[in-house]
Amino acid sequence: MKKLLALSAGALLLWQASTAQKLVADKIIGVVGDKIILKSDMDGALSDQQHNSPDGNLAPDAACKTLEMLISQKVMVLQAERDSLPVSDGDVEAQMENRIRYFESMYGSKEKMKEVTGYSIYQLRERFRQPIKEGLLAQAMRNKIIEPVKVTPSEVKRFFDAIPKDSLHFYESELEIGTLVLQPKATREMDQYAIDRLLDFKKRVQNKESDFGSLAILYSEDPGVKDNKGVYTLNRNDKNTWDPDFLASAFRLKEGEISSPVKSQHGYHLIMMLKRSGDNVTVQHILVRAAVTKSDLAGNTAKLDSIRKSIVAGKITFSEAVAKYSDAPSAKFDGGMMQSKTGDGSTLITIDQLDDPTERDIVMMLDTLKPGQISAPVQFTDENGRTAVRIVYLKTRTQPHRENLTDDYSRIQQRTLDIKRAEAINKWLIEKIPTFYVHVDDQYKECNHISQWMAALAKQ
């Protein structure tokens, strides 16, 4: 079963959690209103930047930029409080639970996490509740500042024309690729066969004829069983991470109890409760999928070929067909278009990003597909090990090229917008900082933006 994690830990909080017990002395390097900035705050952020840097090095002005970020965040928090921007206790608690679970998964267990950080779960919650609330307030204030900021085509062109020609980005060939997936449905007989197999496993375990873990290793179709023997730790709030039917069934069990067969989007499960601890449970499961016959696959292939012909004939667009027919869980979010693995939400991808085993056949098709064309239906094995059928749509293909307004307008527009937003934020800070008490350690007063802010403050 593929566990989809949708959470991120704040760099500063992560550093604080992993090193807090090692701090012996600290220093105040900034004060904004009634809020202080510690040298350890900066060190934590710089440590994270260095860890995430490709070469492990920091820019010469990293300390200045980091302190500027910390000061601006404090100002935004204070102004958000003045403006009574809405941040609910529920938002704070949800963020905190995500961070706690991130730490726990990173260290492997609550016990190891406490050993490394020096904090129990309760202490972490108490320690990070206020920083998380301030982070949400600062984000709300930032959104309020940048929301009105827009860019015009003429501004985009001026920005592009100002870039030295030898500094323009060079892009490899990029593609926009869509897929429409049909997942064959097993017959009622195959469903019942899968259920009967799990009931037999349950009986064998209850009669002490077999061990649950051994059966999981031998028969479970969960791809992760080789690594974890089908054992997972679940949190009651992980509704976006686990199949809801699987999660609900797991939490209904008592320690040592084995469920009846449970149907999920992955197949049928037999779940055994190993341990309960507050909102967390540790379970072991066996996954059996109802077999799909050649006849089922042939039926789906014929249906998909008919859909393809309708698209080619112009009776329906590819995106409309995806919305109407696709069985891919992500289709309702991405319209069937593959997403760049850079995390920027772009649908432009390079060949080297098609490195997942489920995508290798797509690479082979690209030699024969021209932009605007759709492949014939092909069978493939999805990320959960199930056989499915799909057609592949090559929407666009760019040639390797130097950045230009025709091919790369949306990218240039976004960079122009980012710069204009940054200018709006700095203008806002210059206006707002004088309305608060601000003190910065002498060694940082010559930093670019800090010197502007302190000059504005001195005029008051």
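Strand β1 (residues 28–32) pairs with β12 in the antiparallel sense over three bridges; strands (E, at least two residues) and helices (H or I, at least four) are DSSP runs numbered from the N terminus, and two strands pair if DSSP finds at least two bridges between them. In this pairing, Val31 stands opposite His439 of β12. The structure is a predicted model, in which local features need pLDDT of at least 70, side-chain atom pairs count only at pLDDT 80 or more, and totals for chains, interfaces and linings use all residues. Residues are numbered from 1 along each chain as its sequence is written, and side-chain values use heavy atoms, with hydrogens and water left out.

The three strands form an open sheet of order β2-β1-β12 with antiparallel pairing. Its edge strands, β2 (35–38) and β12 (438–440), each pair on one side only. Neighbouring strands are turned by 20° against each other on average, direction ignored. Helix α2 (residues 39–52) packs on the sheet and touches β1 and β2 (contact: heavy atoms within 4.5 Å). The direction of α2 makes about 55° with that of β2, where axes are lines fitted to C-alpha atoms, for helices over the stretch in contact, and angles run from 0 to 180 degrees between N-to-C directions.

Leaving aside neighbours within four places in sequence, Tyr444 is in contact with Ile29, Lys39, Met42, Ala63, Leu67 and Ile450.

The domain assignment, automatic or from a database, places residues 28–160 + 410–458 in domain 1, 173–184 + 293–399 in domain 2 and 188–288 in domain 3. The C-alpha centres of domain 2 and domain 3 lie 32 Å apart.
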